[in-house]
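Please look at the sequence and the coordinates before reading the solutions.

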Amino acid sequence: VLFLQIVHILNMTSAKIVSFLLHPEESLHSLQIRIEFETGISTGNQELLLETGICLDPRKPASQCVIDGVRGWDSYMVYLFDKSKTVYDGPFASRSLSDCVNYIVQDSKIQLPVPQLRRVWAEAVHYVIGLKEDYSRLFQGQRAAMLSLLRYNANLIKMKNNMVSASQQLKAKLEFFHQSIRLDLERYSDQMAYGISSEKMLKAWKEMEEKASQCAQAEDIGYLDEQIMALHTEIVELQKSPYARRQGEVMESLEQRAIDLYKQLKTRPPDHAYSDSTDMVKIIVQTVQSQDRVLKELFGHLSKLLGCKQKIIDLLPKIEVALNNIKEADSLVMQMQGKRQREIWHLLKIACTQSSSRSLVSSSLEGTASTPAATWLPQGSSGSMPHPLSSVAASEDG
């Protein structure tokens, strides 16, 4: 029996516990199918949280639900949430009374022999303790939901910081791009009259400037930043709320009063004495009323937590899209900057080529004019003398 693995799952939508005997090496998906059969919550909508707020890993076996060691293994809970719901309609009906406790609740003034009263009051004390423990388990479930929300929020903040950083980098690159392209266009216009001109390249540069202006839309993340900040404020308020802390003090004091009453009854002699159950019934009624109140507050707070979590889940893909848009715009700006710089170097190459050609031609002309005609004649040659500029003409034709 000690080697059996039992998992206890508290269904937060119904406040009921379902327990399963785990088969050796059973997968988590297999366990979820059994949970669906018992609770009606489909496997796709099941969220199973440990007390730390960590969601169960579908890649690991179902035995990850069970705590190692003997101590506390039978009280360790896994908390089941329905992802399709963000509002939980608590509080739920309290645990049912046993027949003998229900008997004294129906008529608290009925006289019973002390030996019999001891047994009834023992069950009454057990019932009061059970009400307090039911609340404690549900509070732990709410706490697991809060820890899970904080994990989601930490991931949201990380993605938001990445998005803001990427947006600021894009903004800086766009400012640099706009300043540099304006300067290039001004310098290009200045040299068009006496230098190199290309209408096709000028048109391409102006199109680049327009595309860069369109890229500025990607850096606008103000609307997402506002939603994230509002959500962050809401989460902080939920953390500060008194309902985020345990509210079972009244139930704990009632539990102690019930135990004290039972101890007083135990000290009474059992000889033919009779007594009623008025004081114990008052404690039972007060405990039920207190549980109703704290559970109403608990489930109201839990619904707010789950609502915030759903907002984060809805925001994450929007941030992902914005981040991708920023990265694409950043890549486009860098491509345009590189293209323009390559074109400027191409212009420089053309200008250098034309300059060197002019220098070559002018130096050739100067050298020909200063050379005596006799030098063009071979030694001892006879015949007609060629024109001295014929070689330059041939060079220019070439």
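## Exercise 1: a cysteine in a loop

Cys65 is found in the loop between E3 and E4, where strands (E, at least two residues) and helices (H or I, at least four residues) are DSSP runs numbered from the N terminus. The model is a predicted one, in which local features need pLDDT of at least 70 and side-chain atom pairs count only at pLDDT 80 or more, while totals for chains, interfaces and linings use all residues. Residues are numbered from 1 along each chain as its sequence is written, and side-chain values use heavy atoms, with hydrogens and water left out.

Task: determine whether Cys65 is buried or exposed, and which residues it touches.

Solution. Start with the accessibility: the relative value of Cys65 is 3%, so Cys65 counts as buried (buried means under 20% relative accessible area, exposed over 50%, partly exposed in between, with a 1.4 Å probe and protein chains only). Next, list the contacts (heavy atoms within 4.5 Å): leaving out residues up to four places away in sequence, Cys65 touches Val7, Leu31, Leu56, Tyr76 and Val78. Finally, compare sequence with space: Cys65 and His8 are separated by 57 residues along the chain, while their C-alpha atoms lie 8.6 Å apart.

## Exercise 2: the cysteines and the disulfide count

Task: find how many disulfides the model has by the distance rule, and classify Cys100 and Cys352 by accessibility.

Solution. A disulfide is a covalent bond between the sulfur atoms of two cysteines. The rule applied here asks for a pair of cysteine sulfur atoms within 2.5 Å, and the count by this rule is 0 disulfides. As for accessibility, Cys100 is partly exposed because its relative value is 24%, and Cys352 is also partly exposed, at 46%.

## Exercise 3: the open sheet

Task: state in which order the strands of the open sheet stand, and work out which of them stand at the edges.

Solution. The order is E2-E1-E4-E3, with 4 strands and mixed pairing (two strands pair if DSSP finds at least two bridges between them). Strand E2 (16-21) and strand E3 (46-49) each have a single partner strand and therefore stand at the edges, with one side of each left without a neighbour in the sheet. From one strand to the next the twist averages 30°, where axes are lines fitted to C-alpha atoms, for helices over the stretch in contact, and angles run from 0 to 180 degrees between N-to-C directions.

Now take the pairs in turn. Strand E1 (residues 6-11) pairs with E2 in the antiparallel sense over 6 bridges, and Val7 stands opposite Phe20 in E2. Helix H1 (residues 28-39) packs on this sheet, touching E1, E2, E3 and strand E4 (77-82), and its direction makes about 135° with that of E2. Helix H3 (residues 114-191) also packs on the sheet with contacts to E1, E2, E3 and E4, its direction making about 65° with that of E4. The pairing of E1 with E4 is parallel over 4 bridges, and His8 has Met77 as its bridge partner in E4. E3 and E4 are antiparallel over 4 bridges, with Phe81 in E4 as the bridge partner of Glu47.

## Exercise 4: two loop residues

Task: locate Thr13 and Ser108, and describe the surroundings of each.

Solution. Thr13 sits in the loop between E1 and E2, and its 17% relative accessibility makes it buried. Ser108 lies in the loop between helix H2 (99-106) and strand E5 (112-113) and is buried at 17%. Leaving aside neighbours within four places in sequence, Ser108 is in contact with Asp276, Ser277, Thr278 and Val281.
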